[in-house]
Amino acid sequence: MKTQASFLTKIATGLLLATTIIACNKPKTDDKPAVAAPDNKETIVFINQDTLLSKYNYAKDVTKTMQDKGKAAQSDLASRGQAFQREVADYQKSASTMPADQRQTSEQNLQRKQQDLQTYQQNATAQFQTEQANEGNKVYDKIADFVKGYAKEKGYKLVLTYSKANPTVIYGDAGLDVTADVIKRLNDAYTKDKK
């Protein structure tokens, strides 16, 4: 799978290089000047995703909300687990004095409760992960929608993201970094939406 992705990347790079060479060697056929980017404006810029997510108030609020929900869910699971452990301890204390049929019934009840607890934990984890993914998608969509309008307004043809976790941009001139402006505008819009 990795070699197939690498192979496709090489093909795409080769096609891009070939297209660029052909475009550079193509004779000029008309006297009209090429459409240029507006003065002092780059057509390709980037946003530092790490900085954006750490300073965008909506993303910070979503992160805080999800952390609080995660802590509450962990606390609930821990509480349920402790209650089950107390039941097991109580059973173990009195098991030697119980009749065999009562001991068997108690063990079956404890096994059922353990399975119920495990099912509850799996469902709670899945529900939390789904909610976390949905909230992450909302943050991404909000940023992507904003960036589309921002790029159009500024005349940018391509907006890249930089992140240490996924470094698609290894180097970018500081003049191409529009992170601070994007954060300011996103936070201004979020403040207006909250009112």
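Tutor: Let us begin with helix α3, residues 57-94, which has 38 residues and reaches 55 Å from its first C-alpha to its last, close to the 56 Å expected at 1.5 Å a residue. The model is predicted: local features need pLDDT of at least 70 and side-chain atom pairs count only at pLDDT 80 or more, while totals for chains, interfaces and linings use all residues. Residues are numbered from 1 along each chain as its sequence is written, and side-chain values use heavy atoms, with hydrogens and water left out.

Student: Why is strand β1 called largely enclosed?

Tutor: Buried means under 20% relative accessible area, exposed over 50% and partly exposed in between, with a 1.4 Å probe and protein chains only. Four of the five residues of β1 (residues 44-48) are buried, so the rest of the structure largely encloses this strand.

Student: How do you know that β1 and β2 pair?

Tutor: Pairing requires at least two bridges found by DSSP. Five bridges join β1 to β2, so these parallel strands pair. Asn48 has Tyr162 in β2 as its bridge partner.

Student: Which residues of α3 are buried?

Tutor: Among them are Tyr58, Met66, Leu77 and Tyr91.

Definitions and conventions
Helices (H or I, at least four residues) and strands (E, at least two) are DSSP runs, numbered from the N terminus. The expected span of a helix is 1.5 Å times one less than its number of residues.
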